[in-house]
Amino acid sequence: MATEGGGKKMNEIKTQFTTREGLYKLLPHSEYSRPNRVPFNSQGSNPVRVSFVNLNDQSGNGNRLCFNVGRELYFYIYKGVRKAADLSKPIDKRIYKGTQPTCHDFNHLTATAESVSLLVGFSAGQVQLIDPIKKETSKLFNEEGLLSSPNQASSPGGTVV
């Protein structure tokens with residue numbers, strides 16, 4: 001290959017470069033389209049949890065993925081590690097006002113292509129049962145939460161977007 005005077009290759013494809021406006025990077029689709037409303041915090045105060053379920057539907061896309069980022073809970077079709085999920089089109093997205101989701105898991109025994117039960121635990125002690133396919137909220141358990149005064153308890157109050 002031909003080189004410039006500085007010894008650099010002319011046909012080299014750059015993956016990042018710097019200008020006076022800032023640093024530009026070539027990003028993979030999965031990182032470029034990820035939800036970014038919650039700023040990155042290297043101290044880990046906003047834990048992210050991921051849950052998977054296989055629904056065995058006829059289309060061949062039976063895997064579903066659920067994850068939380070801060071106060072938001074996302075539900076997507078998962079097509080495997082070779083093809084990234086389209087993060088701009090969630091099946092269900094919920095934003096919680098009073099508390100944030102800290103854990104979640106699917107009921108694998110009752111999951112079908114039309115309905116799936118997802119149990120979500122919150123930072124104030126509440127537990128909520130939802131169906132992200134039907135976009136329904138079934139039950140809220142431990143509504144008082146773990147707070148010292150019952151007057152301070154707040155409902156997760158998820159908003160379906």
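How many bridges pair strand β8 with strand β9, and in which sense do the two strands run, parallel or antiparallel? The legends below refer to a predicted model.

**Figure 1. Pairing of β8 with β9.** Strand β8 covers residues 118–122 and strand β9 covers residues 127–131. The two pair over four bridges, in the antiparallel sense. Within this pairing, V120 stands opposite Q128 of β9. Strands of a sheet are held in pairs by backbone hydrogen bonds, in either a parallel or an antiparallel arrangement.

**Figure 2. The open sheet β7-β8-β9-β10.** Four strands make up this sheet in the order given, with antiparallel pairing. Its edges are β7 (101–106) and β10 (136–141), each of which pairs on one side only. From one strand to the next, the twist averages 20°.

**Figure 3. A nonpolar surface patch of V48, V50 and F52.** Together the three residues have about 260 Å² of accessible area. V48 lies in the loop between α1 (29–32) and β3 (50–54). V48 counts as partly exposed because its relative accessible area is 44%, a value between the limits of 20% and 50%.

**Figure 4. Elements and surface of the protein.** One helix and eleven strands are present, and from the N terminus they follow the order β-β-α-β-β-β-β-β-β-β-β-β. Of the 161 residues, 29% are buried. The accessible surface is about 11000 Å², with 50% belonging to carbon and sulfur atoms. Among contacts with a separation of 6 or more, 40% join residues 24 or more positions apart.

Definitions and conventions: Residues are numbered from 1 along each chain as its sequence is written. This is a predicted model: local features need pLDDT of at least 70, side-chain atom pairs count only at pLDDT 80 or more; totals for chains, interfaces and linings use all residues. Side-chain values use heavy atoms; hydrogens and water are left out. Patches are made of residues with over 30% relative accessible area and no salt bridge: like charges are joined within 9 Å, nonpolar side chains (Val, Leu, Ile, Met, Phe, Trp, Tyr) within 5 Å. Accessible areas come from the Shrake-Rupley method with a 1.4 Å probe; for residues, only the protein chains shown count as cover. A salt bridge is a side-chain nitrogen of Lys or Arg within 4 Å of a carboxyl oxygen of Asp or Glu. Buried means under 20% relative accessible area, exposed over 50%, partly exposed in between (1.4 Å probe, protein chains only). Two strands pair if DSSP finds at least two bridges between them. Axes are lines fitted to C-alpha atoms, for helices over the stretch in contact, and angles run from 0 to 180 degrees between N-to-C directions. Contact means heavy atoms within 4.5 Å.
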